[in-house]
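Welcome! Let's walk through this structure together, one question at a time.

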Amino acid sequence: MGWRIVSLILHPIWLPMASAFMLFGFNPFFVAHFDLKMALRIGGSIGFATALVPGLLLLSMRNLGWVESLELEHRSDRKFLLFAALVCQYFCFQRLSGSLPSPFLDFALLGSLLLVGFTFVFTLFFKISLHAVGWGGLTGMIMGFSPSYLNSFFPLLCGSILLGGLALTARRALGAHRWVELGLGYALGIGVFSAYFLYLFMD
């Protein structure tokens, strides 16, 4: 039961919203220019599109018998939900893109959209851990921001690595994935964001 609670708390569905609040809390530009009301509005919008809608869709799919369980153990069960998550991420990006004078939130949203897209394509052929993809992606995103704001983002980088390791350990302890599926997922998350930031900041 303990590992299942850890798996739920560290579920990747929360990470886009958590990433937004992380930027508002630790990015010096956001801290200086945006108040709590703005942070809640933006973070809430992201949470609605990337957590609430896919979560309700998953519950509906389970009630209709379209998936065997909420854990989505089978690769075939994940395809439709990942496609729906991709659509939600796209509309979230379209709604919020360019709405702030800082590009950092746009970078995070587009990176998340790319990661969900690559995960969807990858899942057509292989089963990987979505927890690992999400935590690898968050770590990759923080690594991309760290060179500009090393002092404020370094503790977040350490925290994301530790929590990601805990999430992967929980998934393995529950028997949800083999280590290779966890490793591939984490590598995909870090790889997509690293390549994306390299492209963005390459001279």
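Q: What span should helix α6 (residues 104-123) have at 1.5 Å a residue, and how far apart are its end C-alpha atoms?
A: This is a predicted model, and its helix α6 has 20 residues. At 1.5 Å a residue, those residues should span 28 Å. The distance between the end C-alpha atoms agrees with that, because it too comes to 28 Å.

Q: How many of the residues of α6 are buried?
A: Buried here means under 20% relative accessible area. Helix α6 is mostly covered, and of its 20 residues the number buried is 15.

Q: Which residues have the most contacts inside the largest nonpolar core?
A: This core has 40 residues. Elements giving two or more residues to it include α2 (15-26), α4 (36-63) and α6. In soluble globular proteins, nonpolar side chains tend to be buried together. The residues with the most contacts inside the core are Ile46, Met141 and Phe145.

Q: Which residues does Ile46 touch, not counting residues up to four places away in sequence?
A: Ile46 is among the residues with the most contacts inside the largest core. Leaving out residues up to four places away in sequence, Ile46 touches Pro16, Met17, Ala20, Ala51, Cys92, Leu96, Leu105 and Leu109.

Q: Is Cys158 buried or partly exposed?
A: Cys92 has 4% relative accessibility, so it counts as buried. Cys158 has 33% relative accessibility, so it counts as partly exposed.

Q: Which side chain makes a polar contact of 3.3 Å with the side chain of Ser160?
A: Ser160 sits in helix α8 and counts as buried because its relative accessibility is 3%. A polar atom of its side chain lies 2.9 Å from the backbone oxygen of Leu157. Ser160 also touches residues including Trp135, Leu138 and Ile142. The side chain that joins it in the 3.3 Å polar contact is that of Thr139.

Note on methods:
Residues numbered from 1 in each chain as written. Predicted model: local features only at pLDDT ≥ 70, side-chain atom pairs only at ≥ 80, totals over all residues. Heavy atoms only, no water. Helix = DSSP H or I, 4+ residues; strand = E, 2+ residues; numbered from the N terminus. Expected span 1.5 Å × (residues − 1). Buried < 20%, exposed > 50% of the residue type's maximum accessible area, 1.4 Å probe, protein only. Core = buried A, V, L, I, M, F, W, Y, C linked by side-chain atoms within 4.5 Å. Contact = heavy atoms within 4.5 Å. Polar contact = N/O pair within 3.5 Å; in protein donor to acceptor, adjacent residues only side chain to side chain.
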